[in-house]
Amino acid sequence: MIQDGNERMVEKKFYWGDSSSSMQTEGAWNEGGKGPSVYDIREAGEQTSDWKHGIDRYHRYEEDLDLMKEMGMNFYRFQTSWSRINPMGDGTFNEEGLLFYDRYIDAMLARGIEPMLCLYHFDMPLHLAQNYEGFMSKHVVEAFVEYGKKVIDRYKGKVKYWVTFNEQNLYATPLALLYGGTLTTEDTAENIHQIAHNVMVAHARLANYIHETTDGEIGGMLAYSNIYPATNDPKDILVAREWDEFINQNLLDAFCGRGYSRQVRTFEKQRMNLEISEEELAEIEKVTSDYLAFSYYCTGSISHKNIPSDVAPNYYLTFGEVENPFVSNNEWQLSIDPLGFRDIINRMYKKYHVPIFPVENGIGTKEEWDGRTQIQDDYRIYYHETHIQAMKDAMAIDGCEVLGYLGWGLIDLPSSKGDMEKRYGMVYVNRGNHDLRDMRRVPKKSFYWFKEFLEKEQETIGQRKM
């Protein structure tokens, strides 16, 4: 609750919605003037699809937005494809691609769905990967900033909420080489730190640009998973803390105007030869966040026993991750831990006193539809129900400020590895990894649960206003 100028109590809007990427949804990989991205050249595997078709949202976005509205959603985090807007990444902008996003955003607003625009979700334009090794290059940083400013200038009157990089802390892990758009860069701690810094520079320039030229709001985003010490052994506690410092806290400090973590900067200065300028550090120190956004699916556990003594903390989880016997796992061995979700909200809010925004949450499972019978996904209902309750406890009991709750891929889409059979949706999309079928949208049991849940939420808000 907040007070307006007349001292009346006014209910602050809470956001409920969905989140997705362009390469997992749009398809139309060679339509509308789009250039190729690194995903467009990846071939299908035995248990994965290629990336050319997604769920055909490029042609079916009206249908999908209608389903979101029917569920009661009032928010949608989507991504603009860099290579749809600028086919080469650093060349001429593609007006046809921008017109598509004009229509897409207008369709959201017409349904009362607030858009949050994410500028990059791992799909580097192929030209920039082949010629510059993606975010290893300062040239690519500049090209991304130019692309970002183009999108910001175009949509600042329609889009209030912004994210630059999806799950930005992943660029501090070995995944940096894949998600940063490199093709031949060697997997070393030095290269990971260079990519992570270059990405942060790009975020800083665009976050500062948004605050200087628009009334929009922007926050940094992490893929946040608590990594618990496997035991009370002080060495387990140490590696868990150091991993968190290098992967999460370093960025959170930078997102909130504190600059980089001293521990990480000391490590870099002592061991690495990085291309970091004083001008770049000054730009980063100007950054502020209107909220801190994060994705959450699971937690993990770490033991010091198998971690080599000379390895950088960025690789600790590669060697030291162990099973946590106190949580249950899904079929991909991802732990289901609602209390971990509550704890992360508390960790961020109590340290930074910035509103928290969970913008991805969900569970992937294998599901088959027989063409007639509704899919009974009670496990998905349980997952979302328990995580939403954990979030509410963080708000009501712990006093945290949370802006909303977004599920991930609540209309089925290929997983991050391209597996269409790992389904997160409350709506089934009738396609497989190698058979596109008719891509029919079919609500599951969880669709109607979420619809009823959001109706009750609105009734509760209405009663509080009376």
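1. Helix α3 passes helix α5 in a right-handed crossing. The model is a predicted one. The residues that make the contact are E95, L98, L99, Y101, D102 and I105 on α3, together with K150, R154 and Y155 on α5. Sorted by class, the contact of α3 with α5 has five nonpolar and four charged residues, with no polar ones.

2. How do the directions of α3 and α5 compare? The axes of α3, residues 95-110, and α5, residues 138-155, come within 12 Å and cross at roughly 45 degrees. Angles under 35 degrees count as roughly parallel and those from 65 to 115 as roughly perpendicular. The two helices are therefore oblique to each other.

3. K150 is one of the α5 residues in that contact. Is K150 buried, partly exposed or exposed? Its relative accessible area is 34%, so K150 is partly exposed. Leaving out residues up to four places away in sequence, K150 touches F93 and L98. K150 can also be compared with K350, which lies 200 residues away along the chain. The C-alpha atoms of K150 and K350 are separated by 35 Å.

4. The crossing of α7 and α8 is right-handed. On the α7 side the contact is made by H193, M200 and H203, and on the α8 side by F246, L251, A254 and F255. By class, the contact of α7 with α8 has five nonpolar and two polar residues, and no charged ones.

5. I247 lies in helix α8. I247 is buried, with a relative accessible area of 2%. Which residues does I247 touch, not counting those up to four places away in sequence? They are N169, A172, T173 and N314. I247 and L222 are 25 residues apart along the chain, and their C-alpha atoms are separated by 9.1 Å.

6. S261 sits in the loop between α8, residues 234-255, and α9, residues 262-271. Its relative accessible area is 2%, so S261 is buried. With neighbours within four places in sequence left aside, S261 is in contact with E245, N250 and D253.

7. The largest nonpolar core has 135 residues. Which of its residues touch the most other members? They are W82, F135, F144 and F450. Helix α7, residues 189-213, gives the largest share of this core, 12 residues.

8. Not counting residues up to four places away in sequence, F450 touches W16, M71, M73, I388, L410 and M426.

9. Two residues deserve a look for their backbone angles. Most residues other than glycine have a negative phi. F122 is not a glycine, yet has a positive phi of about 85 degrees. F122 is found in the loop between β5, residues 114-120, and α4, residues 126-132. F122 is buried, with a relative accessible area of 4%.

10. The other residue is H353. Its phi is positive, near 55 degrees, and H353 is a residue other than glycine. H353 is found in the loop between α12, residues 338-352, and β15, residues 356-361. Is H353 buried or exposed? With a relative accessible area of 58%, H353 is exposed.

11. C400 is found in the loop between α13, residues 378-396, and β16, residues 404-408. C400 is buried, with a relative accessible area of 6%. Leaving aside neighbours within four places in sequence, C400 is in contact with I345, N346, Y349, K350, A394 and M395.

Conventions: Residues are numbered from 1 along each chain as its sequence is written. This is a predicted model: local features need pLDDT of at least 70, side-chain atom pairs count only at pLDDT 80 or more; totals for chains, interfaces and linings use all residues. Side-chain values use heavy atoms; hydrogens and water are left out. Axes are lines fitted to C-alpha atoms, for helices over the stretch in contact, and angles run from 0 to 180 degrees between N-to-C directions. Helices (H or I, at least four residues) and strands (E, at least two) are DSSP runs, numbered from the N terminus. Angles under 35 degrees count as roughly parallel, over 145 as roughly antiparallel, 65 to 115 as roughly perpendicular and the rest as oblique. A crossing is left-handed if the near helix is turned anticlockwise from the far one by less than a right angle, and right-handed if clockwise. Contact means heavy atoms within 4.5 Å. Ala, Val, Leu, Ile, Met, Phe, Trp, Tyr, Cys and Pro count as nonpolar, Asp, Glu, Lys and Arg as charged, and the others, Gly among them, as polar. A nonpolar core is a set of buried Ala, Val, Leu, Ile, Met, Phe, Trp, Tyr and Cys residues joined through side-chain atoms within 4.5 Å. Buried means under 20% relative accessible area, exposed over 50%, partly exposed in between (1.4 Å probe, protein chains only).
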